[in-house]
Amino acid sequence: MQLTNSSPLELARQPYVWLLALAGLVSSVYLSLLWRIEDVAHLGMSGLFLMAAASLIWDRRSSLTLHSHWLPSSLGAGLVLLSLGYSHYLVGLDSAHFSTEIINLSFFACRLSPFISLLGVALLMSGFRHLRQFWRELAIIAAMGIPSMISTTLSDISPITARFTHFLLSYSGIDAVLKDNIYIYLSLGPNTQGAVKVYEACSGLESMNYLFGLSIVCLIMFPLRSRVTMALVPFAAVSLAFVINSFRVMLMAILTALQNKESFDYWHDGPGSLSFGLFAVLALGGVYMLLMNHDEHQRLKARSARGEGDFSTLKTKDDYLLPPDLQISLDDIDPSASFDFLETLPKD
């Protein structure tokens with residue numbers, strides 16, 4: 001596939017134009033669904049993941065192979081229609097019909113439908129034979145929602161979060177007591193006492209899923225040379241999200257003891273709650289940049305050890321940059337074979 005400066009009519013005759021339009025339609029319906037159920041946090045993250053996948057496709061637009069048969073095309077069309085149909089059904093519901101079952105189904109639809117839709121579009125574009133060329137985009141979209149679905153089947157990690165938060169409070173010199181592994185009682189003075197309950201929504205699991213997905217995006221778009229480091233990046237992202245969320249729970253406990261309900265609501269459910277997610281993303285970006293710089297330093301060090309340094313590390317002689325395998329000196333240069341550049345300039 002190669003984009004050229006063609007007229008709009010000629011572009012409309014190209015099959016990839018309609019397929020790209022279909023991918024845009026599916027993404028628009030999906031983002032509308034997130035807006036409809038007021039999942040603001042996942043809406044912003046979804047936009048980031050979708051832009052990352054679109055960027056990869058755009059960079060390889062001239063090398064993509066578009067060829068499919070009737071079987072993968074039919075399967076791909078069925079997947080796209082299934083995702084569009086169910087998303088359209090959820091978007092059309094009013095708030096009175098959002099029961100617990102619908103909310104659960106909408107959660108799974110928001111996490112799984114992007115992967116199903118992109119898989120269907122990829123089958124329409126390339127079929128089974130060339131589906132592998134979209135593995136990076138499929139991995140990014142899968143990391144956007146599938147970890148959240150898997151985490152719902154795991155045990156509640158609220159007791160672990162509560163214990164670690166209690167450790168942070170105690171280490172900070174605050175009088176805190178942990179009861180039943182989820183209740184934290186603390187006292188900041190005679191008249192400043194309070195308690196918080198760390199339930200599942202405050203365990204930090206969703207933040208851990210987001211940073212895990214972002215780590216996959218970073219590894220795909222900016223790969224590292226060391227496989228050991230690449231394997232440790234997702235683990236570091238999950239650990240970072242857990243620690244930052246524990247500091248958030250610590251702040252909630254302190255505000256409860258201070259009886260500052262306005263600040264508590266701001267940092268718990270208001271705009272302040274999104275600040276911790278932003279800080280976690282920035283922290284992951286900073287850590288990954290350090291890993292990239294370390295990886296580049298190790299690469300240059302390995303090249304230098306093999307004698308493959310770049311021109312900035314080559315030794316010079318008499319202000320001449322020469323390849324390391326070329327032995328030459330000024331005595332080897334024939335002055336009669338040289339010429340003066342000034343002689344070639346036009347005279348007034």
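Guide: Axes here are lines fitted to C-alpha atoms, for helices over the stretch in contact, and angles run from 0 to 180 degrees between N-to-C directions. Keep in mind that this is a predicted model.

Visitor: OK. At roughly what angle do the axes of helix 6 and helix 8 cross?

Guide: Roughly 165 degrees, and the axes come within 9 Å. Angles over 145 count as roughly antiparallel, so helix 6 is roughly antiparallel to helix 8.

Visitor: Is the crossing left-handed or right-handed?

Guide: Right-handed.

Visitor: Which residues in helix 6 and helix 8 meet?

Guide: From helix 6, Arg136, Ala139, Ile140, Ala143, Pro147, Ser148 and Ser151. Among their partners in helix 8 are Leu205, Glu206, Asn209 and Gly213. The residues of this contact divide into 9 nonpolar, 4 polar and 2 charged.

Visitor: New topic. How many cavities of 30 Å³ or more does the structure hold?

Guide: The structure holds 1. The largest cavity has a volume of about 40 Å³.

Visitor: What lines the largest cavity?

Guide: Phe49, Ala143, Met144, Pro147, Ser148, Asn209, Tyr210 and Gly213. Helix 6 gives the largest share, 4 residues. By class, the lining has 5 nonpolar, 3 polar and no charged residues.

Visitor: And the largest pocket, what volume does it have?

Guide: About 1,400 Å³. The largest pocket is lined by 44 residues. Ala41, Ala201, Glu206, Ser207 and Tyr210 lie nearest its centre.

Visitor: Which elements give two or more residues to that pocket's lining?

Guide: Helix 3, helix 5, helix 6, helix 8, helix 9 and helix 11.

Visitor: How do the pocket's lining residues divide?

Guide: Into 23 nonpolar, 14 polar and 7 charged.

Technical notes:
Residues are numbered from 1 along each chain as its sequence is written. This is a predicted model: local features need pLDDT of at least 70, side-chain atom pairs count only at pLDDT 80 or more; totals for chains, interfaces and linings use all residues. Side-chain values use heavy atoms; hydrogens and water are left out. On a 1 Å grid over the protein atoms alone, a cavity is a set of points where a 1.4 Å probe fits but cannot get out, and a pocket is an open set with protein on both sides within 12 Å along at least five of seven lines; lining residues have an atom within 4 Å of a point. Grid points are joined across faces, edges and corners, and a volume is the space filled by probe spheres set on the points. Ala, Val, Leu, Ile, Met, Phe, Trp, Tyr, Cys and Pro count as nonpolar, Asp, Glu, Lys and Arg as charged, and the others, Gly among them, as polar. Angles under 35 degrees count as roughly parallel, over 145 as roughly antiparallel, 65 to 115 as roughly perpendicular and the rest as oblique. A crossing is left-handed if the near helix is turned anticlockwise from the far one by less than a right angle, and right-handed if clockwise. Contact means heavy atoms within 4.5 Å.
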